[in-house]
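User: I'd like to go over this structure with you, starting with the ligand. Could you keep the answers in plain sentences?

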Amino acid sequence: MAATSANRLQNQIALITGGSSGIGAGVAKAMAAEGASVIVNYAHSADEAAAVVKEITDAGGQAVPFQADVSKEDDVLAMFDFIREKFGTLQILVNNSGIQVDAKFVDMTLAQWQKVIDVNLTGQFLCAREAAREFLRRGPQQDISAALGKIICMSSVHEVIPWAGHVNYATSKGGIMLLMKSMAQELAPHKIRINSIAPGAIATPINLTARDTPEEEKDLLTLIPYGEVEESLPQC
Ligand code: NAD
């Protein structure tokens, strides 16, 4: 990874929540390679965040780690204070942090339900609200971006596909879908651009326990119709 790209994000500051592993780490490296200065947020894994930051800075990019639990309002406020102090403002939020705490529906405890909703949904609300407040406070910067600011919500195919055994997770992602659409409707007049990404299954630490056994892995793969699609695709 080297900062030899088109530098499409030059002079932009990007916060990637959960940037210490999996998809978030990939996004952090890709945005840094496009010239953005990135804040690699993490909850507990300081070593992993430091490794992502090192990979970016070794390649000539700019990155700093920041610990904050996105489900805690005080942590989120402190993270945005840090960003303003260190970088002046923010142009991009990638709302990526997420967890799975799986249980059969009848066995799911209130704590398991609440933890996933708190991190996956409330965490995205808190970070998006602070980002939007910062975009509005700072005002337009036409030389940097046509948008006042950009928010990307990491959702999942499970925003629309039910997922038995994971009702807390699927509910949080269904919530993110309408959070994203409602924010987009409300904030578009201010030129704040809001999108989400809804990936299918990707092997990362989040789904290790959902693919523990060959049976669980087979179950997970039934949600990916790629093999059948591939056969019906024309050659090119
Ligand atoms: P991952 O476990 O590698 O990454 C999750 C990240 O979230 C980690 O960096 C972790 O530190 C962070 N995190 C967890 N709790 C946090 C908290 N309270 N505060 C701040 N950060 C916290 O998993 P991943 O697959 O890279 O997941 C990233 C996002 O992608 C999640 O929102 C997940 O739901 C979504 N997603 C993943 C898949 C997949 O198959 N891997 C599919 C669809 C969507």
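User: Which pocket does the ligand take up?
Analyst: In this predicted model, the space taken by the ligand is the largest pocket. The elements that give two or more residues to the shell around the ligand are α1, residues 22–33, and α5, residues 167–187.

User: How many residues surround the ligand, and which are the closest?
Analyst: There are 28 residues around the ligand, and the closest are Ser21, Ile23, Tyr169, Ile202 and Thr204.

User: ok, and what is 2.6 Å from an oxygen atom of the ligand?
Analyst: That is a polar backbone atom of Ile202. An oxygen atom of the ligand also lies 3.5 Å from a polar backbone atom of Gly22, while a nitrogen atom of the ligand is 2.9 Å from a polar side-chain atom of Asp69.

User: And how much of the ligand does the protein bury?
Analyst: The ligand taken alone exposes 820 Å², and the protein buries 93% of that.

User: Where does α4 bend, though?
Analyst: The bend in α4 is at Asp118 and amounts to about 35 degrees.

User: What about the residue just after α4?
Analyst: That residue is Gly139, and it takes a positive phi of about 80 degrees.

Key. Residues numbered from 1 in each chain as written. Predicted model: local features only at pLDDT ≥ 70, side-chain atom pairs only at ≥ 80, totals over all residues. Heavy atoms only, no water. Bend = angle between axes of the 7 residues up to and from the residue. Helix = DSSP H or I, 4+ residues; strand = E, 2+ residues; numbered from the N terminus. Near = heavy atom within 4 Å. Polar contact = N/O pair within 3.5 Å; in protein donor to acceptor, adjacent residues only side chain to side chain. Areas by Shrake-Rupley, 256 points an atom, 1.4 Å probe, with all protein chains shown as cover. 1 Å grid on protein atoms, 1.4 Å probe; cavity = no way out; pocket = protein on both sides within 12 Å on 5 of 7 lines; lining within 4 Å. Sits in = over half its atoms within 2 Å of the grid points.
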